Amino acid sequence: MSTLDYEPGGTPVVYALHENADWWPPFERAFREAGVPVREWNLVEGSFDPASAPPAGIFWSRISASAPSRGHDHSKDYARSVLSWLESSGRRTVNGRSTIEFEVSKVAQLAALRAAGIDAPETVAVIGASGLRDAARRFEGRPFITKHNQGGKGLGVRRFDTVEEFETALDAGELDEPVDGITLLQEYVRPAGGFITRVEIVGGEFVYAIAADTIHGGFQLCPADACAIDATTGLPIAPPGAEAAPEPGQRLFTLRRDVDTAFAARLAQFTRDLGIEIAGIEFIESADGRRVVYDINTNTNYNADVEAEADSSGPASIARYLGALLRERYPA
């Protein structure tokens, strides 16, 4: 569904607002198995009447920062408009209008983490291209990475070991232009053990943690099965930033049972404080003993292999959570 088509006074359902059908099947199964009525609303193209009353239901936003990589350049702004309409009409949203800003701005994420006293990587945000060379000199003598402020799926992430290497790439026109014009230069934090950790949170509660292999997975750490395959060629995607080629059948995402539960609880509280109800938060445990949080995913996806091993399911937790909200808001 692109244009909102509904019967006024119809049965309340959960509406899933998204722009990527490839990521939807695991959630559709979870809602069906939980007996929770759900309806997709694809925010790629369409129309709605902002003077009308929205349908009854719970509205869950899964809009992704990586939407422009699929040609959906306007989905972010479509979602902003729709969520503003819904919330001004008194409808219950999950990961609503304010959360969109965290999804599409790593600067907003880093600022919130710093304000909460959580260690985040040293970063310079550069608007436009003219200030990139001067900003890079801040990292003289140490490795750093570039990334897009509106990222997702490792967009624009590249490691440079020297400023000279970075300037050579600039001169060659090798850096992709970010969709919002903001490039981040960020300290490179080497993970101890060759993996990062992603904590999955639903309804402000810790679900489970995964370890993502950075040696073979590089900077492409989207755990959804669809992220591993090029939709055009049907072939595996070569992860940017990988230090070694993955072996056939190698798992890049595994369940992590030894995660520090106190730290996971702190991240869950962080999401509650910000009103982010569903999230996947990524952090690095560095060789020098830091625990650095660098990414907040509010359209989080789940890996099938991890789901098969975990004690709890991410999609099932979401279906139960949204189903409970639906029953609470519309008890009849």
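Trainee: Where is the place of Asn95?

Mentor: Asn95 lies in the loop between β4 (92-94) and α3 (97-103); helices (H or I, at least four residues) and strands (E, at least two) are DSSP runs, numbered from the N terminus. This is a predicted model, where local features need pLDDT of at least 70 and side-chain atom pairs count only at pLDDT 80 or more, while totals for chains, interfaces and linings use all residues. Residues are numbered from 1 along each chain as its sequence is written, and side-chain values use heavy atoms, with hydrogens and water left out.

Trainee: Why is Asn95 called buried?

Mentor: Buried means under 20% relative accessible area, exposed over 50%, and partly exposed in between (1.4 Å probe, protein chains only). Asn95 has 2%, so it counts as buried.

Trainee: What is the phi of Asn95?

Mentor: Phi of Asn95 is near 55 degrees, a positive value in a residue other than glycine. Most residues other than glycine have a negative phi.

Trainee: Why is the aromatic pair of Trp24 and Phe31 called stacked?

Mentor: Rings of Phe, Tyr and Trp (its six-membered ring) pair if their centres lie within 6.5 Å; planes under 30 degrees apart count as stacked, over 60 as edge-to-face and the rest as tilted. Trp24 and Phe31 are 6.3 Å apart, centre to centre, with 25 degrees between the planes, so the pair is stacked. Trp24 is buried, at 4% relative accessibility, and Phe31 is buried too, at 0%.

Trainee: What makes the pair of Phe48 and Trp85 tilted?

Mentor: The centres are 5.0 Å apart and the planes 35 degrees apart, so this pair falls in the tilted class. Phe48 is in the loop between β2 (38-42) and β3 (57-61), and Trp85 is in helix α2 (residues 75-88), 37 residues apart. Phe48 has 24% relative accessibility and therefore counts as partly exposed, whereas Trp85, at 5%, is buried.

Trainee: Which residues form one aromatic cluster?

Mentor: Trp24, Phe27, Phe31, Trp60, Tyr208 and Tyr302 form it.

Trainee: How do you know that the charged end of Arg70 sits over the ring of Trp23?

Mentor: A charge sits over a ring if NZ of Lys or CZ of Arg is within 6 Å of the ring centre and within 35 degrees of the ring normal. For Arg70, the distance to the centre of the Trp23 ring is 4.6 Å. The charged end of Arg291 likewise sits over the ring of Phe263, 4.5 Å from its centre.

Trainee: What pLDDT does the chain average?

Mentor: pLDDT is the predictor's confidence in each residue, from 0 to 100. The chain averages 89, and 86% of the residues score at least 70.
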